[in-house]
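The tour moves from the whole chain to single residues.

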Amino acid sequence: QVTLVEAGGGLVQAGGSLRLSCAASGSIFRINDIGWYRQTPGNQRDLVAIISSSGSTNYADSVKGRSTISRDNAKNTMTLQMNSLKPEDTGIYYCYAQVQLLTQPQFTYQWWGQGTQVTVSS
């Protein structure tokens, strides 16, 4: 089993910054892609940013240029630095990871965190 623990959400004024972090623990052989998705009421979860095990990144157009995702493979942690926040960045942010387990390294499973609320006031 794997647990993803998120931290760093909160209330911030437009133009401010937030740093979201996600720490993975459990029977982890390897974490492949890891990143953040955002969900707003009535909508699906949309990709915000994701980083591969080799460090390749992908960002939603809406956050490109304002956000930086990074990871520490040794510690199984990932961080998203978000700057110049806008009210439209508001939502619940979920950590997502593709994980190979120690017991079944030949398979890749998807895991989600509990979500952390980000609210950007105008």
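What follows is a list of stops, each with something to select and a note on what is there.

**Before selecting anything**

This is a predicted model, in which local features need pLDDT of at least 70, side-chain atom pairs count only at pLDDT 80 or more, and totals for chains, interfaces and linings use all residues. Residues are numbered from 1 along each chain as its sequence is written, and side-chain values use heavy atoms, with hydrogens and water left out.

**Stop 1: the whole protein**

Show the cartoon. How many helices and strands are there in the protein? There are 0 helices and 11 strands, and the pattern along the sequence reads β-β-β-β-β-β-β-β-β-β-β. Helices (H or I, at least four residues) and strands (E, at least two) are DSSP runs, numbered from the N terminus.

Along the principal axes, the C-alpha atoms fill a box of roughly 50 × 25 × 20 Å. The radius of gyration is 14 Å, which agrees with the value near 14 Å for a compact globule of 122 residues. That radius is taken over C-alpha atoms, and the globule rule is 2.2 Å times the number of residues to the power 0.38.

Switch to a surface. The protein exposes about 6400 Å², with 46% of it supplied by carbon and sulfur atoms; accessible areas come from the Shrake-Rupley method with a 1.4 Å probe, and for residues only the protein chains shown count as cover. Of the 122 residues, 40% are buried. Buried means under 20% relative accessible area, exposed over 50%, and partly exposed in between (1.4 Å probe, protein chains only).

Among contacts with a separation of 6 or more, 57% are between residues 24 or more positions apart. Contact means heavy atoms within 4.5 Å.

**Stop 2: Thr116**

Select Thr116, in strand β11 (residues 116-121). Is Thr116 buried or exposed? Thr116 counts as buried because its relative accessibility is 13%. Leaving aside neighbours within four places in sequence, Thr116 is in contact with Glu6, Gly9, Leu20, Trp36, Gly91, Ile92 and Tyr93.

**Stop 3: Asn43**

Go to the loop between β4 (28-39) and β5 (46-51), where Asn43 is placed. Asn43 has a relative accessible area of 43%, so it is partly exposed. Show the side chains of Asn43 and Thr40, which make a polar contact at 2.7 Å. A polar contact is a pair of N or O atoms within 3.5 Å; within protein, one must be able to donate a hydrogen and the other to accept it, and residues adjacent in sequence count only if both atoms are side-chain atoms.

**Stop 4: Gly65**

Select Gly65 in the loop between β6 (57-59) and β7 (67-72). Gly65 counts as exposed, at 79% relative accessibility.

**Stop 5**

Select Asn76, in the loop between β7 and β8 (77-82). Asn76 is partly exposed at 21% relative accessible area, and its phi is positive, about 55°, although Asn76 is not a glycine. Most residues other than glycine have a negative phi.

Finish at Ser84, in the loop between β8 and β9 (91-101). Ser84 is not a glycine but has a positive phi of about 50°. With a relative accessible area of 41%, Ser84 is partly exposed.
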